[in-house]
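Me: I would like a close look at a single part of this protein. Please keep it brisk.

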Amino acid sequence: MQCPNCRSKDVGKIGVNQFYCWNCFIEMTISDGIINTHQVEEDGSLSSLDDLFEENDRRFKCN
């Protein structure tokens, strides 16, 4: 898996369909073949980053 933000392959699995990029520190979930990206806030809540990416860039591709 490749991070849609930084294109790093330094992505780890943290749960069922949940991943974390250790390069740019964003959390990702996969739903219906689309990667949803989130920034983890100081209080532990998640803020969506999906509006920063085109839907085509968010499609899950196995590498």
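What is the strand order in the open sheet, and with what pairing? Please go on from there to the residues around the sheet.

Reply: A caution to begin with: this is a predicted model. The open sheet has 5 strands, in the order β1-β2-β3-β4-β5. Their pairing is antiparallel. β1 (11-15) and β5 (46-48) are the edge strands, and each pairs on one side only. From one strand to the next, the twist averages 35°.

β1 pairs with β2 (residues 18-21) in the antiparallel sense, over 4 bridges. One detail of this pairing: Val-11 has Cys-21 in β2 as its bridge partner.

Val-11 and Cys-21 also belong to the largest nonpolar core. That core has 10 residues, and among the others are Phe-19, Ile-30, Ile-35 and Phe-53. β2 and β3 (26-31) are the elements that give two or more residues to the core. β3 gives the most, with 3 residues.

Ile-30 is worth a stop. Leaving aside residues up to four places away in sequence, Ile-30 touches Met-1, Asn-17, Phe-19, Ile-35 and Phe-60. Of these, Phe-19 and Ile-35 are core residues too.

Phe-60 leads on to Gln-2. The two are 58 residues apart in sequence, yet their C-alpha atoms are 8.8 Å apart in space. Gln-2 sits in the segment before β1. Its relative accessible area is 29%, so Gln-2 counts as partly exposed. A polar atom of the Gln-2 side chain lies 3.0 Å from the backbone oxygen of Arg-7.

Conventions:
Residues numbered from 1 in each chain as written. Predicted model: local features only at pLDDT ≥ 70, side-chain atom pairs only at ≥ 80, totals over all residues. Heavy atoms only, no water. Pairing = 2+ DSSP bridges. Axes fitted to C-alpha atoms, helices over the stretch in contact; angles between N-to-C directions. Buried < 20%, exposed > 50% of the residue type's maximum accessible area, 1.4 Å probe, protein only. Polar contact = N/O pair within 3.5 Å; in protein donor to acceptor, adjacent residues only side chain to side chain. Core = buried A, V, L, I, M, F, W, Y, C linked by side-chain atoms within 4.5 Å. Contact = heavy atoms within 4.5 Å.
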